[in-house]
Amino acid sequence: MDRNSKYTRISCITLSDPDPNKFVIFSGAAFLTTVASAGMIAGFGSTLALAKKKSPNWFNKGVMATAAVPETGASLALRALGWGSLYAWCGVGLLSFTLWKAMGVHSFMEFRQTMQSIFPSVPKNDVNSDTTDWDAIFKSK
């Protein structure tokens, strides 16, 4: 396939507008999503294995519902995760809405300018700056 053709085929994806910036952003997002998902699965799996290793009797009691405990541990945890997620979304949304109304802004551009006027700017690091003196940063006051 020649490089000057109208369509570029990359691993079964046909891009009608071969913009390299869009492809780099898409591939970076796909990579970060894959790494984050793998990390979450590995963390959950290792935590589950550790819980089963430390107390297998309690782990098995939580897997199956019994007459004494009518709900399994997994369904209880899933319900708690659902309610916790709902509370987190609603709380952040309410906090954001309150902040938005208290500041009296009408667009994201106004919000950005207002926040830049409130908080100090973060200075850019020089490329040729000296190495950071960590002893001076962490020195007790």
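Accessible areas here come from the Shrake-Rupley method with a 1.4 Å probe. With that in hand, load up the whole chain, and keep in mind that this is a predicted model.

**Stop one: the whole chain.** Show the surface to start. The accessible surface of the chain comes to about 13,100 Å², and carbon and sulfur atoms own 67% of it. Switch to cartoon and you'll pick out 5 helices and 2 strands. Follow the chain along its sequence and the pattern reads β-β-α-α-α-α-α. How much of the contact set with a separation of 6 or more comes from residues 24 or more positions apart? The share is 0%.

**Stop two: the largest pocket.** Select Phe44, Leu48, Gly73, Ala74 and Ala77, the lining residues that lie nearest the centre of the largest pocket. H3 gives the most, with 5 residues. Next, colour the lining by residue type: you get 8 nonpolar residues and 2 polar ones, and no charged residue turns up.

**Stop three: the aromatic cluster.** Select Trp100, Phe108 and Phe111, show their side chains and zoom in; these three form one aromatic cluster. The count of aromatic pairs comes to 3. Start with Trp100 and Phe108, whose rings sit 5.5 Å centre to centre with 70° between the planes, an edge-to-face pair.

Trp100 lies in helix H3 and Phe111 in helix H4 (residues 108-118), so their pair ties together parts that are 11 residues apart in sequence.

**Last stop: who is covered?** Is Phe108 buried or exposed? Phe108 has 68% relative accessibility, so it counts as exposed. Trp100 has a relative accessible area of 21%, which makes it partly exposed; buried would mean under 20%. Phe111 is partly exposed too, with a relative accessible area of 24%.

Conventions:
Residues are numbered from 1 along each chain as its sequence is written. This is a predicted model: local features need pLDDT of at least 70, side-chain atom pairs count only at pLDDT 80 or more; totals for chains, interfaces and linings use all residues. Side-chain values use heavy atoms; hydrogens and water are left out. On a 1 Å grid over the protein atoms alone, a cavity is a set of points where a 1.4 Å probe fits but cannot get out, and a pocket is an open set with protein on both sides within 12 Å along at least five of seven lines; lining residues have an atom within 4 Å of a point. Helices (H or I, at least four residues) and strands (E, at least two) are DSSP runs, numbered from the N terminus. Ala, Val, Leu, Ile, Met, Phe, Trp, Tyr, Cys and Pro count as nonpolar, Asp, Glu, Lys and Arg as charged, and the others, Gly among them, as polar. Rings of Phe, Tyr and Trp (its six-membered ring) pair if their centres lie within 6.5 Å; planes under 30 degrees apart count as stacked, over 60 as edge-to-face and the rest as tilted. Buried means under 20% relative accessible area, exposed over 50%, partly exposed in between (1.4 Å probe, protein chains only). Contact means heavy atoms within 4.5 Å.
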